[in-house]
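Reader: Could you show me how to read a protein model, feature by feature?
Author: Gladly; let us look together.

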Number of protein chains: 2
Amino acid sequence: MSPASATAHEWHRVRIDLGERSYPISIGTGLLGDTDSWAGLPRAAAAMVVTNDVVAPLYLEALRSALAPHYPQVHQVVLPDGEAHKDWATLNAIFDALLRHGCDRKTVLFALGGGVVGDMAGFAAACYMRGVPFVQVPTTLLAQVDSSVGGKTAINHPLGKNMIGAFHQPARVVCDLAVLDTLPPREFSAGLAEVIKYGPIADMDFLSWLERNLPALLARDRDALAHAVRRSCEIKAWVVGQDEREGGVRAILNFGHTFGHAIEAGLGFGEWLHGEAVGCGMVMAAELSQRLGHVDAAFVERLTALLRAAGLPVRGPSLGADRYLELMRVDKKAEGGDIRFIVIEAPGRAVLRPAPDAIVRDVLAACTG
Amino acid sequence: MSPASATAHEWHRVRIDLGERSYPISIGTGLLGDTDSWAGLPRAAAAMVVTNDVVAPLYLEALRSALAPHYPQVHQVVLPDGEAHKDWATLNAIFDALLRHGCDRKTVLFALGGGVVGDMAGFAAACYMRGVPFVQVPTTLLAQVDSSVGGKTAINHPLGKNMIGAFHQPARVVCDLAVLDTLPPREFSAGLAEVIKYGPIADMDFLSWLERNLPALLARDRDALAHAVRRSCEIKAWVVGQDEREGGVRAILNFGHTFGHAIEAGLGFGEWLHGEAVGCGMVMAAELSQRLGHVDAAFVERLTALLRAAGLPVRGPSLGADRYLELMRVDKKAEGGDIRFIVIEAPGRAVLRPAPDAIVRDVLAACTG
């Protein structure tokens, strides 16, 4: 038992079931600084913590201390914060650090941060010496409920978001709810967008729970957070377990993301947070679902109201319909030039399908500006 | 039957057995320009041929024409030739071309060229939208017998060769022996180094066959080439089929490569051809095997004589022992700071093991300068 473990407590454990690539998600409090959280991982001469300049002052030393009993050497690399830095130059800073320290191909990478750190550290782990193990230590709500789970890693290209990446599953995900205390309100709301997402695509009871418990979540109540993170991870685990490499059903996790990515790219990455763009994108995708005849106006309004109450923008920026369409045509789900969207077929059930440009233009007219 | 197929002939087919990632290697003449060679591949709205500025004038149009019946669009990207360009900037030119043409995640990449083109096109295919299919169309002897087979893809980092990459198996490998006619003698010899490699690590009968048939190979006799390429691919298939991700036995394919990579990096990538460095590295690794007590001086001399007769350098450049050791310590096979070498345990049998620095220094003193 480590000194810190008196205050550490694992509330829930969710398993991602992918055969020999299976791994657990631990959800609890005080886990990050607890040595016991890091037992049983692949052994190596060195660990490398990848983090950013916002998270490092808060949690880097606690994690390093907790890792020290497990690895002879614990190195670190501190990246600049933000989506704007999710590029090759920043990724290369990780490779430089690994090579400078003579890290071999058993080295274990620890991604300490939000979705950007997780995506970059994960992609670095996928490529360094053709693949080393890595562990996700998500410090934002968005990363805990979405991006740290499922093995998608990537960097952005000037012509499109997450265009260059790999599927590379982590060895473990550790969600410490205590670190959410220091998350700025804007980032917390952005994370709620991805939590809310799981309702319309998979579980309307969870949507109702979120409506009832939104005040508790916004107050960062630990019980409410533990349930929201667990249920989100359970749904993601269920989807990813069926379709690891997004040949089919996994695409539903991208509800709101086609419109959202266009907002992010159109404004320049980093102007809106990813979760903000996705929240707004879900309003647009719900509107599209209504115009395609699948859901009624009350459903769209209910989702919009919850997102608004969560502190999220619900109207898209005025990029112009042509620019939106141009940006959406490079989406990874596009095929043979057709943009494809996740639409809600019925509340709690989503599907990937193309939509006529004319209807998409109507949606843009109704939901932007 | 395509117009070109009258002259096309598949001499041998070797299968790489990796479960759902299995694929065939076709070895023959006239295959590149034959439409039938490209039947049965994954369907897509577009194919993208990745090649270089030396190969493009010779074979790009023939391949494009043969692909045209199978894909509505056939794009191309022509990279600068040479190991010195196996870097991120050149890789990014492939991503730029894919995104500029609006290529989706079904796009099939065709690597038309030698090992550098194959490694880069393969790594681009591994990463573009987290993975698209690709086909190897190797145009050098080295690529036909080694680098195009087995799914290793990578780019170089200033601090080490092939440090950033992925395991990504091709959907097919097509070795057209006719294209070897245009290969410059220096590159042909470099390819022979990787052919010769299969003797000491796996098949001394093949080494004897090579000794007898070297004049025919150097004259680019088709029968001799067909046998050499087939036997090389069979041995590689046998090794890779046991150990796709180099957890164990696959490392023996790196015989000569630890010393060889140090030569390449120490002189600057591109100064010596990869095969030249590997050929010379095999002499050094054989010398090391002798000093470790596994093989006799006659074995070292026999291998050295064959490499020399194949037109390859057999003495390493004078980088100094300290520099050699420094460069070898970042080799991917190194673990916990120990350099590990492929040594010949007995003629026809290789194994990965560390060696004391003092003995490595003796080898460097005997084999360089």
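Reader: How many disulfides does the structure hold over all chains?
Author: A disulfide is a pair of cysteine sulfur atoms within 2.5 Å. The structure holds 0 of them over all chains. For Cys233(A), the nearest cysteine sulfur belongs to Cys175(A) and is 5.0 Å away. Cys367(A) has its closest cysteine sulfur in Cys280(A), at 7.6 Å, which is too far for a bond.

Reader: What should I know about the model and its numbering?
Author: This is a predicted model, where local features need pLDDT of at least 70, side-chain atom pairs count only at pLDDT 80 or more, and totals for chains, interfaces and linings use all residues. Residues are numbered from 1 along each chain as its sequence is written, chains are lettered from A and ligands numbered from 1 in the order in which they are written, and side-chain values use heavy atoms, leaving out hydrogens and water.

Reader: Is Cys233(A) buried or exposed?
Author: Buried means under 20% relative accessible area, exposed over 50%, and partly exposed in between (1.4 Å probe, protein chains only). Cys233(A) has a relative accessible area of 0%, so this residue is buried. Cys367(A), at 4%, counts as buried too. Across chain A, buried residues make up 62% of the 369 residues.

Reader: How many helices and strands does chain A have?
Author: Helices (H or I, at least four residues) and strands (E, at least two) are DSSP runs, numbered from the N terminus. Chain A has 12 helices and 11 strands. Its radius of gyration is 20 Å, close to the 21 Å from the globule rule, so chain A is as compact as a globular protein of that length. That radius is taken over C-alpha atoms, and the rule is 2.2 Å times the number of residues to the power 0.38. The C-alpha atoms fill a box of roughly 60 × 40 × 35 Å along the principal axes.

Reader: Why is helix α8 of chain B largely enclosed by the rest of the structure?
Author: An α-helix has 3.6 residues a turn, so residues three or four places apart point the same way. Here, 8 of the 11 residues of α8(B), residues 257–267, are buried, so the helix is largely enclosed. Among the buried ones are His257(B), Phe259(B) and Ile263(B). Their cover includes β8 (160–167), α5 (185–202) and α9 (274–291) of chain B. After α8(B) comes Gly268(B), with a positive phi near 95 degrees.

Definitions and conventions
Contact = heavy atoms within 4.5 Å.
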